Amino acid sequence: MTLTRNAAKCTKCGDTIESKHVHDWVTCLCKAIFVDGGLEYLRRGYVHEDDIIELSEYAPELSVVEEPSNDRISQPPSIEED
Ligand SMILES: [Zn+2]
């Protein structure tokens with residue numbers, strides 16, 4: 001799935017934080033939680049699991065059709081025998 005928003009909300013201070021870049025490490029106002037990783041990966045930190053509300057969003061999965069490349073098909077050498 002494609003990540004479109006890397007965000008979370010702290011239930012202690014009510015702050016909503018969002019990581020927008022890979023090295024965008026963001027903590028909430030009371031520093032009980034943090035998010036990191038931007039849209040490359042989800043990284044979370046919290047003191048208690050109840051402190052964090054997940055707000056991340058994903059784009060719907062797109063099906064990709066790959067066309068076969070003719071270059072990858074090796075033709076066996078044609079051998080003609082009399
Ligand atoms: Zn907080």
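Which residue in β5 does valine 26 stand opposite? Valine 26 stands opposite valine 35. The model is predicted. The protein chain has 0 helices and 8 strands, and along the sequence these follow the pattern β-β-β-β-β-β-β-β. With a radius of gyration of 24 Å, well over the 12 Å that the globule rule gives for 82 residues, the protein chain is more spread out than a compact globule.

**Overall dimensions and packing**

- The C-alpha trace of the protein chain spans about 85 × 20 × 20 Å along its principal axes.
- Buried residues make up 12% of the 82 residues of the protein chain.

**The three-stranded sheet**

- An open sheet is formed by 3 strands in the order β3-β2-β7, with antiparallel pairing.
- The edges are held by β3 (16-18) and β7 (52-54); each has a single partner strand, so one side of each is left without a neighbour in the sheet.
- On average, and with direction ignored, neighbouring strands of this sheet are turned by 30° against each other.
- The pairing of β2 (residues 7-10) with β7 is antiparallel and comprises 3 bridges.
- Within that pairing, alanine 8 has glutamate 54 of β7 as its bridge partner.

**The β4-β5 hairpin**

- β4 (residues 26-27) pairs with β5 over 2 bridges in the antiparallel sense.
- The hairpin of β4 and β5 has 5 residues between the strands, and lysine 31 takes a positive phi near 60° there.

- β5 and β6 run antiparallel and are joined by 4 bridges.
- Across this pair, isoleucine 33 stands opposite tyrosine 46 in β6.
- Between the strands of this hairpin there are 6 residues, and glycine 37 takes a positive phi near 105° in the hairpin.

- Glycine 37 lies in the loop between β5 (33-36) and β6 (43-46).
- Apart from its neighbours within four places in sequence, glycine 37 is in contact with Asn6, Ser19, Val22, Leu42 and Arg43.
- Glutamate 18 is 19 residues away from glycine 37 along the chain, and their C-alpha atoms are separated by 9.8 Å.

Technical notes: Residues are numbered from 1 along each chain as its sequence is written. This is a predicted model: local features need pLDDT of at least 70, side-chain atom pairs count only at pLDDT 80 or more; totals for chains, interfaces and linings use all residues. The radius of gyration is taken over C-alpha atoms; the globule rule is 2.2 Å times the number of residues to the power 0.38. A residue is buried if 20 or more other C-beta atoms lie within 10 Å of its own, exposed if 12 or fewer, and partly exposed in between; C-beta atoms are placed from the backbone. Two residues are in contact if their C-beta atoms, placed from the backbone, lie within 7 Å. Two strands pair if DSSP finds at least two bridges between them. Axes are lines fitted to C-alpha atoms, for helices over the stretch in contact, and angles run from 0 to 180 degrees between N-to-C directions.
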